[in-house]
Amino acid sequence: MIKNFPITLTVAGSDSGGGAGVQADLKTFSSLATFGTTTFTCLTAQNPDGVTGISEISPDFVSAQLKAVSSYFPVKAAKTGMLYSAKIIEVVAEFFYENPDIQLVVDPVMVATSGAKLLKDDAIDSLIKDLLPLAKLITPNLDEASLLLGEKIHQYDQLVPMAEKLFQKYQVPILLKGGHLPNATEATDVLFDGESSYLYSKPFLKGKNTHGTGCTYSAAITSFLAHGKNLPEAVGSAKEYLHLTLEDEIQTGSISHLNHFPEPTN
């Protein structure tokens, strides 16, 4: 019997270490029963210790990849990750402007966990002006949200009002990820869709390697949207999946990594 998998798309950078970027997205897409397609924006030389090199792909070739995918595959939902430059963002924004039926999740990747800059300074304006208005959801972590808002977020009771502020500023649903809050016992995220706030919490798992969690989370949301879930349901299911990938980690050399094919707990 032929299985009918919805088509998903990631527009992001490569992680040669396999833990984040396009590699994490494809693992997530496959784990959640979608057929993942790709558009590479950059190649990186990296491993869990850090990024040692970035090679930008030409905007024309980014555009060629997008056209090749969309001319053949009926893409249901897509996500963006590392976009790196203003020129690439302009090309990607033009594509999604011309394909408004694709549900777009924007993970505003700016800095790697290791501290390496993944978005050029002159690209931030283009991200805000050209791409964010086209999104169905934006998924900033606390540092990215602080940059987008111009205010620091450093405590739990700021999560809901800051998510609402971000929506007011950009007029796009916001998933504000609170996992980096200091001394947190719960990893709490807030979705504000313009009308209601939704809180998603899981016990904070100490001592885990979190490399690739942002990519995995946004890819999981994209997958559940492609399967037809509404936004709050998609985020809730993705949060559950992300927690399982951390809880059921796999050993990779000297450290552990997310397990993209975790065993269900029930």
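Residues are numbered from 1 along each chain as its sequence is written, and side-chain values use heavy atoms, with hydrogens and water left out. Since the model is predicted, local features need pLDDT of at least 70 and side-chain atom pairs count only at pLDDT 80 or more, while totals for chains, interfaces and linings use all residues.

A pair of aromatic rings is described by the distance of the centres and the angle of the planes. Here, rings of Phe, Tyr and Trp (its six-membered ring) pair if their centres lie within 6.5 Å; planes under 30 degrees apart are called stacked, those over 60 edge-to-face, and the rest tilted. By this rule there are four aromatic pairs. One of them joins Phe35 and Phe73, which are stacked, at 5.7 Å centre to centre and 25 degrees between the planes. Phe35 belongs to strand S2 (residues 35-47) and Phe73 to the loop between helix H2 (59-70) and strand S4 (75-80), so this pair ties together parts that are 38 residues apart in sequence. Helices (H or I, at least four residues) and strands (E, at least two) are DSSP runs, numbered from the N terminus. Phe35, at 41% relative accessibility, is partly exposed, and Phe73 is partly exposed with a relative accessible area of 24%. On this scale, buried means under 20% relative accessible area, exposed over 50%, and partly exposed in between (1.4 Å probe, protein chains only). Ring pairs also link Phe35, Tyr72 and Phe73 into a cluster.

Helix H2 itself is worth a look. Its 12 residues should span 16 Å at 1.5 Å a residue, and its end C-alpha atoms are 17 Å apart, which agrees; the expected span is 1.5 Å times one less than the number of residues. The buried residues of H2 are Val62, Ser63, Gln65, Leu66 and Val69. They cover an arc of only 160 degrees around the axis, which puts them on the same side of H2; the arc is that of the directions from the helix axis to the C-beta atoms. Asp60 and Lys67, on the other side of H2, are exposed. The buried residues of H2 pack against strand S1 (7-15), S2, S4 and H3, where contact means heavy atoms within 4.5 Å.

Helix H6 can be read in a similar manner. The buried residues of H6 are Leu159, Met162, Ala163, Leu166, Phe167 and Tyr170. Their arc around the axis is only 145 degrees, which puts them on the same side of H6. They pack against helix H4 (123-131), helix H5 (142-149), strand S7 (174-177) and S8. After H6 comes Gln171, whose phi is positive, near 60 degrees.

In soluble globular proteins, nonpolar side chains tend to be buried together. A nonpolar core is a set of buried Ala, Val, Leu, Ile, Met, Phe, Trp, Tyr and Cys residues joined through side-chain atoms within 4.5 Å. Of the 48 residues in the largest such core, Leu9, Val92, Phe96, Leu127, Leu131 and Leu176 touch the most other members. H3 gives the most to this core, with eight residues. Phe96 is found in helix H3 (residues 86-98) and is buried at 4% relative accessibility. Not counting residues up to four places away in sequence, the contacts of Phe96 include Leu9, Val11 and Ala78.
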